[in-house]
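Please take a moment with the sequence and the model shown below, and then follow the paragraphs after them as a guided walk from one feature to the next.

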Amino acid sequence: SYAMLPNYISMGSIGDISLADGTYDHLYLSSDPEKTSDNIYDDWTYSTKINANYNDNTLDGGNTAFSLKTTDTIVIKRREKDKMDWVTIYTIPVNSVDDFSFIKEYLYAKSGANYDFMIISSIGGIENSFETASCYCEFDGICLADKDVIYKTIFNIDPISFDRNKNDNVLELLNGRYPLVYSVDSNNYESGSISAFFTKVQDDSSLIDGYEAVKYRKEFVDWLTNKKPKILKLDNGDIKMIKVVGKVTESPEGCSELVKIQFSYTEIGDCDDEKYLYTNNLSDVVPNRW
C-alpha cells in the first residue's frame with residue numbers, strides 16, 4: 001500500500017524473515033534503496049544485510065565469503081581504559097572460513113584493571129573493520145604465566161619483598177666534606193623473592209594430595225627453572241616481566257605433601273612493550289608490524 005510513496009518507509013529493526021509457498025534461488029537484503037533485482041548478485045558491501053544463494057542447499061546468508069576476500073589476518077589488541085596506546089596481543093592468519101572461529105585467553109591481564117579489547121580484520125597490513133569489547137579483571141593471590149600456561153596460588157603467601165636496583169657511583173672529593181654521587185647508566189629495575197604454597201585445586205575446591213601433589217609441584221618447579229622469561233602478576237595490580245634467578249627451594253611444612261616453594265626473580269622488561277614481549281618469547285607478535 002505504500003509502493004507509490006516517494007520515500008521508503010522505515011519498519012524498524014528486522015529480526016526474522018520467512019519465505020513460503022514458492023521455490024527460491026536467492027535471498028538478498030540491503031539498506032541501500034537503489035539496489036534492484038538486476039544487481040542483487042553483487043558482492044557483499046557494507047549496506048548488505050543478507051546475501052544468501054540457496055544453490056546446493058547452501059543456507060549461508062552471512063558475509064563470510066566477503067570477509068575471506070578482505071581478510072588475511074585477524075589482529076587482537078588491548079589497552080587499559082586510562083591509556084591511549086594499544087598493545088597487539090595476537091595475530092591470527094586467515095586462509096579459510098574455519099579460521100574465523102577461534103578461542104584466545106589473555107593470560108597477562110593485571111588485577112584491578114579495566115581493559116578495552118579490539119578485534120580487527122586486516123589485509124596486506126591494512127586494518128579495515130573492527131569490533132571492541134570491555135572487561136574488568138580481578139583475582140586473588142599470585143599468578144605466574146608465559147604465553148602458553150599460567151600457575152596461580154592463594155595459599156600461605158609470605159610478604160613479598162623487592163628491591164629497586166640502580167647503579168650509583170660515590171666519589172669522595174679531596175676538597176669537600178661530602179662526596180659526589182653520580183650515575184653513568186639508566187638501569188632501574190626491581191628484584192625480589194616469593195615464597196608460597198603452590199598446589200592444584202580440584203573441581204570441588206579441595207587440594208590434591210599424595211602422588212598428584214608431588215607430580216604437580218615437580219611440573220611447576222620444572223617450569224620455574226626452564227630459564228625462560230615469565231610474567232608475574234599480584235592481586236594488588238602489580239605486574240612484572242621477570243626471570244627466575246638462583247636456586248628454587250622446596251620447604252615441607254608439616255608433611256611431605258605441603259611444601260612451600262621459594263625463589264628469587266629479577267625484572268627484565270616492560271609488559272606493555274611489544275618488543276620486550278616478542279624478544280623474550282612471551283608473544284608471537286612481531287614488533288611494529290601492526
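Which residues make a nonpolar surface patch of about 450 Å²? In this predicted model, the patch is made by Leu171, Leu173, Leu180, Tyr182 and Val184. One of these residues, Leu171, has its place in strand S10, which covers residues 169–171, and with a relative accessibility of 40% Leu171 counts as partly exposed, because that class lies between the limits of 20% and 50%.

From the patch we can turn to a sheet. Four strands, in the order S4-S3-S5-S6, form an open sheet whose pairing is antiparallel. Its edges are strand S4, residues 87–93, and strand S6, residues 126–137, each of which pairs on one side only, and from one strand to the next the twist averages 20°. Within this sheet, strand S5, made of residues 113–123, pairs with S6 in the antiparallel sense over 10 bridges, and Ser122 is found opposite Glu127 in S6.

The cysteines are the last stop. A disulfide is a covalent bond between the sulfur atoms of two cysteines.

Definitions and conventions: Residues are numbered from 1 along each chain as its sequence is written. This is a predicted model: local features need pLDDT of at least 70, side-chain atom pairs count only at pLDDT 80 or more; totals for chains, interfaces and linings use all residues. Side-chain values use heavy atoms; hydrogens and water are left out. Two strands pair if DSSP finds at least two bridges between them. Helices (H or I, at least four residues) and strands (E, at least two) are DSSP runs, numbered from the N terminus. Axes are lines fitted to C-alpha atoms, for helices over the stretch in contact, and angles run from 0 to 180 degrees between N-to-C directions. Patches are made of residues with over 30% relative accessible area and no salt bridge: like charges are joined within 9 Å, nonpolar side chains (Val, Leu, Ile, Met, Phe, Trp, Tyr) within 5 Å. Accessible areas come from the Shrake-Rupley method with a 1.4 Å probe; for residues, only the protein chains shown count as cover. A salt bridge is a side-chain nitrogen of Lys or Arg within 4 Å of a carboxyl oxygen of Asp or Glu. Buried means under 20% relative accessible area, exposed over 50%, partly exposed in between (1.4 Å probe, protein chains only).
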